[in-house]
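Please study the sequence and the structure before reading the solutions.

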Amino acid sequence: MFKKVLVANRGEIAVRVLRACEERGIAAVAVFSEVDRSALHVRYADEAYCIGPAPSRESYLRIDTIIDVARKAGVDAIHPGYGFLAENAEFAAACADAGITFIGPSPDAIEKMGDKLSARETVAKRNVPLVPGSAPGLNDDELLACAQEIGFPVMVKASAGGGGKGMRAVESAEAFPGMLAAARREAASAFGNDEVYIEKLIPNARHIEIQILADSHGNTIHLGERECSIQRRHQKLIEECPSVAVDPTLRQEMGRVAIAAAESVNYVNAGTIEFLFDSRDNKYYFLEMNTRLQVEHPVTEMVTGVDIVKEQIAIAAGRRMKYNQEDIVHKGWAIECRITAEDPFNNFMPSSGNIVYLQEPTGPGVRVESSLYRGMELNLYYDPMVAKLVVSGETRAEAILRMRRALNEYRIGGIKTSIPFHQEMMDSTEFIWGTFDTGFLSRWRMNRPNRPTNDHEKVVAATAALIAHEEGRKAVHIGESHEDGQPAAGMWKQAGRMRAVRGQW
Ligand code: MV4
């Protein structure tokens, strides 16, 4: 096993990886920018080195500086976390050149999956279902012909893009040339590569992804799906494991397909296969593969009991995986709310300032992954996500009620946060019923701050009905009495009353 690992990241994920190192008895090295000198990840590490000024280009993205520090500190391996250098093939190769193990997949796998056209071609060889679309290397006329054959509306996507960057929906052949040119320009300036492809547009789809783990001895397993349809401008806000849209048969089938996709690039380490899921015909289509640990990995950990980060480290050290596919069973339900320093009442405007007060939720089924501490000076240099609130329960309903309870306990003073947004989501009938898709948030309007919602009865009724549904019973009626004189669904009514003071502490 490794003796010393460098964590090339910051924030909650750096802390998460440092905890895994500690549990494995591995000494851990942190790196930090000038403004992160007193960050939580620096305090958690056994050693820490400054790698440059605040802008990430000059610190967390500096391959040469990070490799230098890794050499000086004498580490055996580097964990990249997510974001920054996690999906940078050049960085993975630089680690190998320095004789340091990159805790992640090979540069070749990162490269093949990083280019979305090459990813489509590679996984297609293993019969992974793709959205009908174009082959690589087509000129503008050929792309138009392809779009007409597939039928409008279509999506124009940048091959070097991903995660929704450089993506355009096109409704008609008339609009196509203009949109195509715009997409190419945008891709050229954002990625230095103007190659685009088209796909049939799948409307009202869900975003469902499969977590996989693969060791260097040829074993690849899947840990089931995550539901990630609650997104705003391609930023996920809420994730769940499992998904209400997936039953055990579909889980097994999508898992098998995800394993095939991973095997098509001889994938080793943790990875995620993203699918678009069309709820109208229950068909699913490969979108892309993320060759890294993801933000939302804890929901899978809570439902499978697998510590994905500890497994990543073991796999990178050449160990055989601890689990066979038969060992992976889903138990209960987990939900994650991303806590961001943004004002949900003001178009998610980023917020900064001193964390003057902090009280994080705890108790049964609650897990907080956070980079916050009282007295912290939060700046605007990095991603606004400052913490993740993850809860689990025996059922989805219990997880939702627990999330409501935990959000109500959460107090962050000094900055605006997304907590009120999550409180409203936990009250929404669409969320409670699970009848949402990726278009849901663009149709959603937040209530105004401090305006008490007057639909508690609706929330309580919907939740009670959901419980009844889950238990295969008929829904109870609110307000009716049982023989013992207790109000029916009294527990759920109480849950409906348990709401936080809106706005911030
Ligand atoms: C699509 C799509 C509909 N049809 N592709 C957005 C992120 C990127 N990974 C792919 N995305 C989409 N691709 C086809 N052919 C709709 C989306 C999409 C979306 C996907 C997942 C989550 C949220 C989304 C919001 C808008 C569009």
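The model is predicted: local features need pLDDT of at least 70 and side-chain atom pairs count only at pLDDT 80 or more, while totals for chains, interfaces and linings use all residues. Residues are numbered from 1 along each chain as its sequence is written, and side-chain values use heavy atoms, leaving out hydrogens and water.

**Exercise 1.** Determine how helix α12 and helix α13 are oriented to each other.

*Solution.* Helices (H or I, at least four residues) and strands (E, at least two) are DSSP runs, numbered from the N terminus. Step one: the axes of α12 (residues 396–409) and α13 (residues 419–427) come within 10 Å and cross at roughly 150 degrees. Axes are lines fitted to C-alpha atoms, for helices over the stretch in contact, and angles run from 0 to 180 degrees between N-to-C directions. Step two: angles over 145 degrees count as roughly antiparallel, under 35 as roughly parallel, 65 to 115 as roughly perpendicular and the rest as oblique. Therefore α12 and α13 are roughly antiparallel to each other. Step three: the contact (heavy atoms within 4.5 Å) is made by Ile400, Met403, Arg404, Leu407 and Asn408 of α12 and by Ile419, His422, Gln423, Met426 and Asp427 of α13.

**Exercise 2.** Explain why strand β21 is described as largely enclosed by the rest of the structure, and identify strands joined to β21.

*Solution.* Step one: 9 of the 9 residues of β21 (residues 385–393) are buried, so this strand is largely enclosed by the rest of the structure. Buried means under 20% relative accessible area, with a 1.4 Å probe and protein chains only. Step two: strand β14 (residues 333–340) is joined to β21 by 8 bridges, in antiparallel fashion, and Ile335 stands opposite Val391 in β21. Step three: strand β19 (residues 366–370) also runs antiparallel to β21, with 5 bridges; here Glu369 stands opposite Lys388.

**Exercise 3.** State the order of the 3 strands in the open sheet that contains β6, and name helices lying across β6.

*Solution.* Step one: the order is β7-β6-β8, with antiparallel pairing; two strands pair if DSSP finds at least two bridges between them. Step two: β7 (168–170) and β8 (196–200) are the edge strands, each pairing on one side only. Step three: β6 (residues 154–158) and β7 share 3 bridges, and Met155 stands opposite Ala169 in β7. Step four: helix α6 (residues 116–124) lies across β6 and β8, at about 55 degrees to β8. Helix α8 (residues 176–191) lies across β6, β7 and β8, at about 170 degrees to β7.

Conventions: Buried < 20%, exposed > 50% of the residue type's maximum accessible area, 1.4 Å probe, protein only.
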